[in-house]
Structure formats: structure tokens, C-alpha cells
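Work through the exercises below with the sequence and the model open. Try each task before reading its solution.

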Amino acid sequence: MMMIIKKMIFILLVLVSGNQLVAQKYFTKKGEVSFFSHAPMEDIKAVSNTGSSVLDAANGKLQWAVLIKSFAFTKALMQEHFNENYMESTQFPKAKFTGTIDNMTAIDLKKDGEYNAQVSGVLEIHGKEKKIATNAKFLVAKGKIIATSVFKVYLADYGIEIPSVVKDKIAKEVEISIKSNYELLDKM
């Protein structure tokens, strides 16, 4: 009888701790990813609202992915050139980030407030991977979690070639902005 009680307590502890781990994971599948570049020829801006992200608050692990073809431009021709000539989105359909919030212990996702985060990891664009480090902000208000970050990337770092005809008219650096409205994974 004592053995059965010990097993039941053990199972109960596993179930309780398992629920706590699940409750510490957050998710979005409507994350906003936008990019902007200022250049003499023309400013280029596009937005996607279909980014997916998972955040494990227990260890600070963070993953992001966005389909390249999901970026919307104001001009259809610009979108076509972006997908076919620059990003080759058929061959490289996604941009991905896998990393860590390095100071996760300083962020309380259950307490209202604004928290600064240091994020580091590997950004993959156009089939090329590069380590990056950037800052992010977490705004926690009434149970809602909004994470934002802005950082710059150089096109050459990711093997994105600019045709020589327009080389002097297109920016070599792009500013990327990310916004996530996270929800508990068990609510999805």
C-alpha cells in the first residue's frame, strides 16, 4: 500500500511540474516582421503579419520564423523583384532566428512592467547563417505580453546580391523590426 501511495505522489509531482513547464511557453503565429531601407533610388519597406515565434520562459530559448513570400509591398513589381531577384524565395522560403534571451532571469512575464532584454543567436536569411546580438523590450500589461526589437543586417552577410545596374541606388543595410503579441502556449 505504501508503495502505491509513493508512486501516486511521484506521478502527481511529475504532472504538476509538467504543467508548470507548459505554462512557461509562449507563442505567436501573427508576429509582425517588417524591414526598411533608405536608398537614393527609392525607400523599400515591406511587412509580414504571419511570423511564428515560441518563447520558453523557463530557459529563455527563443525561435522565430517568417515566410519570405508573406512580405507585402506597396508596389507589386517591387514585391516580385524582391522574391525572384533578391531573396530567391522559392529556393529559400523562410527566414529563421534561433537564440536565447540572455537575461531572462531579469524578466517577469507574469508581472506588469517594461523589461529590457539582451537577445543573441543565429539569424538565417537566404540560406546563410550569422550570429547576431540585439536588444529587445518586453511590455507586460494585464496578462498581455508584447515583445519588440529593431536591428540592422547587411545584405552581403546573407549572400543577397544587388545587380550592378542598381548597386549605387539600393541600400546595403536593412533595418528589421519585430513585434510579437505572445500568448500562453496552452491557450492556443
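**Exercise 1. Range of contacts and overall layout**

Task: Find what share of the contacts between residues at least 6 apart in sequence join residues at least 24 apart.

Solution. Start with the contacts. Of those between residues at least 6 apart, 58% join residues at least 24 apart. Next, count the elements. The protein has 2 helices and 8 strands. Last, check burial. The protein has 188 residues, and 37% of them count as buried.

**Exercise 2. Confidence**

Task: State the average pLDDT of the protein, and say where the value is below 50.

Solution. This is a predicted model, so begin with its confidence. The average pLDDT is 87, and 87% of the residues score at least 70. Now look at residues 2-22. Their pLDDT is below 50. Beyond near neighbours in sequence, this stretch makes 2 contacts in the model.

**Exercise 3. The core and Phe35**

Task: Which residues have the most contacts inside the largest nonpolar core? What does Phe35 touch?

Solution. First, take the core as a set. It holds 46 residues. Those with the most contacts inside it are Phe35, Phe71, Ile101, Leu109, Phe138, Ile176 and Tyr182. Strand β5 (residues 113-125) supplies the largest share of this core, 5 residues.

Then turn to Phe35. Leave out residues up to four places away in sequence. Phe35 then touches Ile44, Lys45, Ala46, Phe71, Phe73, Phe82, Val174, Glu175 and Ile176. Two of these partners, Phe71 and Ile176, are also on the list of residues with the most core contacts.

**Exercise 4. Ser37**

Task: Is Ser37 buried or exposed? Name its contacts away from its sequence neighbours.

Solution. Locate the residue: Ser37 lies in strand β1. Apply the cut-off: buried means under 20% relative accessible area. Ser37 has 4%, so it is buried. Now set aside neighbours within four places in sequence. Ser37 is in contact with Glu42, Asp43, Ile44, Ala171, Glu173 and Val174.

**Exercise 5. The second largest pocket**

Task: How much space lies in the second largest pocket, and which elements line it with two or more residues?

Solution. Take the volume: about 360 Å³. Next, the lining. It has 20 residues, and the closest to the centre are Gly143, Lys144, Asn181, Tyr182 and Glu183. The elements giving two or more residues are β1 (25-37), β7 (144-154) and β8 (173-184). Strand β1 gives the largest share, 5 residues. Finally, sort by class: 9 nonpolar, 3 polar and 8 charged residues line the pocket.

Note on methods: Residues are numbered from 1 along each chain as its sequence is written. This is a predicted model: local features need pLDDT of at least 70, side-chain atom pairs count only at pLDDT 80 or more; totals for chains, interfaces and linings use all residues. Side-chain values use heavy atoms; hydrogens and water are left out. On a 1 Å grid over the protein atoms alone, a cavity is a set of points where a 1.4 Å probe fits but cannot get out, and a pocket is an open set with protein on both sides within 12 Å along at least five of seven lines; lining residues have an atom within 4 Å of a point. Grid points are joined across faces, edges and corners, and a volume is the space filled by probe spheres set on the points. Helices (H or I, at least four residues) and strands (E, at least two) are DSSP runs, numbered from the N terminus. Ala, Val, Leu, Ile, Met, Phe, Trp, Tyr, Cys and Pro count as nonpolar, Asp, Glu, Lys and Arg as charged, and the others, Gly among them, as polar. pLDDT is the predictor's confidence in each residue, from 0 to 100. Contact means heavy atoms within 4.5 Å. A nonpolar core is a set of buried Ala, Val, Leu, Ile, Met, Phe, Trp, Tyr and Cys residues joined through side-chain atoms within 4.5 Å. Buried means under 20% relative accessible area, exposed over 50%, partly exposed in between (1.4 Å probe, protein chains only).
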